[in-house]
Amino acid sequence: MVTPLPRIAGGGGGRKPRVPPLPPARTLLTAFSAAAALAVLCLLTSSPAASLSGAWRSGARSGDKYLYWGGRVDCPGKHCGSCAGLGHQESSLRCALEEALFLGRIFVMPSRMCLSSVHNTKGGLQSSATSKQRWEESSCAMESLYDIDQISKIVPVILDNSKTWHDIVSKSMKLEVGSVAHVQGISRAELKQNPLYSTALIINRTASPLAWFMECKDRKNRSSVMLSYTFLPSMPAKKLRDAANKMKEILGDYDAIHVRRGDLLKNRKDRFGVERSLHPHLDRDTRPDYIRKRIAKWIPPGRTLYIASNERTPGFFSPLSDRYRLAYSSNFSSILEPIIENNYQLFMVERLMMQGAKTFVKTMREFDSDLTLCDDPKKNTKVWQRPVYTDD
């Protein structure tokens, strides 16, 4: 029997859309300049911040150019009315930051990120709440997730509720027509090469109808990516980094597994009443008996094993305690409760914990070198199959 980990608190456990031909550039700039500035001002619903972060506290400087995609991550796009998970929104933010880097512009980042109801435990507001109140409740400040100063060392960033951005928009509305460009369906190469766009004070970038991240998505040419996929995960807010460092110090030398179950175990019955799943082996492979067999070749008995999971059944992973010293985020409530306001922040801390592990095992494979619990593809194949619960 393995000596249990000392408890710190309670336990737990398609086809691309056709882009219509654009009018001549001069006509486009003239037609959309005023509308773009007005639209931007309408999005500045929050009171302008009194100060900015890092190198941008002094405000706008002569010659600065900006890239503005919108007031919400993935909107415009199919997630305007709904809300994507953290990973999906991070893909979009990375894409927008990458385009700003490519164009040599300062990125105007949305000041708040939408919290998906699937990944957030906060209750909803009553129907009498205003749209601003509903947005405040269903979103969190970007600075509560990311270190804007650290991001700005690679890609200069200001927030869209800042005094600097408010002043820039106000000034642009007073300038002659043509100083603001509202562009749609134009590649970033065209934006960089065409002098009509390169001299515009503001580019209001309307992204793909699908999502922001579709703008720079190229699965066939990963070398085209200018910012690593780990860029934003490595830029968490300081208080989240500090919390993870305290937890690592307490655990010492440890391993970790990420067991994603709840949101992916969605079965449905076919017309014959037979259960079908998009990930037929996932439920089986993420149960304790199969986890034990799977990780035995990578993580020897007696090791401290940190488990990050969205499984809600109490004690679900307890059978693993006969071989490993188990640790969960709930063991560190004294560290986390004062700072964690939503599950996006919690996942960012757990992601740091997984990155700091000696051996880390993912749920499903993303890269060839990954160690995984399940061999089912992570990408949604849209093929519904019978779940498998026995060895095959």
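Predicted model: local features only at pLDDT ≥ 70, side-chain atom pairs only at ≥ 80, totals over all residues.

Trainee: How many aromatic pairs does the structure hold?

Mentor: A pair of aromatic rings is described by the distance of the centres and the angle of the planes. Rings of Phe, Tyr and Trp (its six-membered ring) pair if their centres lie within 6.5 Å; planes under 30 degrees apart count as stacked, over 60 as edge-to-face and the rest as tilted. The structure holds four such pairs. In one of them, the ring centres of Tyr66 and Trp165 are 5.9 Å apart and the planes stand at 50°, so this pair is tilted. Tyr66 belongs to strand 1 (residues 66-68) and Trp165 to helix 5 (residues 163-174), so the pair ties together parts 99 residues apart in sequence. Helices (H or I, at least four residues) and strands (E, at least two) are DSSP runs, numbered from the N terminus. Both Tyr66 and Trp165 are buried.

Trainee: What is the arrangement of the rings of Trp69 and Trp212?

Mentor: Their centres are 5.1 Å apart with the planes at 85°, so the pair is edge-to-face. Trp69 lies in the loop between strand 1 and helix 2 (86-103), and Trp212 in the loop between strand 7 (202-206) and helix 8 (238-251), so the pair ties together parts 143 residues apart in sequence. Trp69, at 1% relative accessibility, counts as buried.

Trainee: Which ring lies under the charged end of Arg188?

Mentor: A charge sits over a ring if NZ of Lys or CZ of Arg is within 6 Å of the ring centre and within 35 degrees of the ring normal. The charged end of Arg188 sits over the ring of Phe102, 4.7 Å from its centre. Lys293 lies over the face of Tyr290, at 4.1 Å from the ring centre.

Trainee: Which residues touch the most other members of the largest nonpolar core?

Mentor: A nonpolar core is a set of buried Ala, Val, Leu, Ile, Met, Phe, Trp, Tyr and Cys residues joined through side-chain atoms within 4.5 Å. The largest has 61 residues, and those touching the most other members are Leu93, Leu97, Phe107, Met109, Tyr146, Ile151 and Tyr306. Domain 1 (66-234) and domain 2 (238-361) both contribute residues, so this core lies between them; the domain bounds come from an automatic or database domain assignment.

Trainee: How many disulfides does a search of the whole structure find?

Mentor: A disulfide is a covalent bond between the sulfur atoms of two cysteines. The criterion is a pair of cysteine sulfur atoms within 2.5 Å, and the search finds zero. For Cys140, the nearest cysteine sulfur is that of Cys114, 9.2 Å away. Cys140 is buried, with a relative accessible area of 4%.

Terms used: Residues numbered from 1 in each chain as written. Heavy atoms only, no water. Buried < 20%, exposed > 50% of the residue type's maximum accessible area, 1.4 Å probe, protein only.
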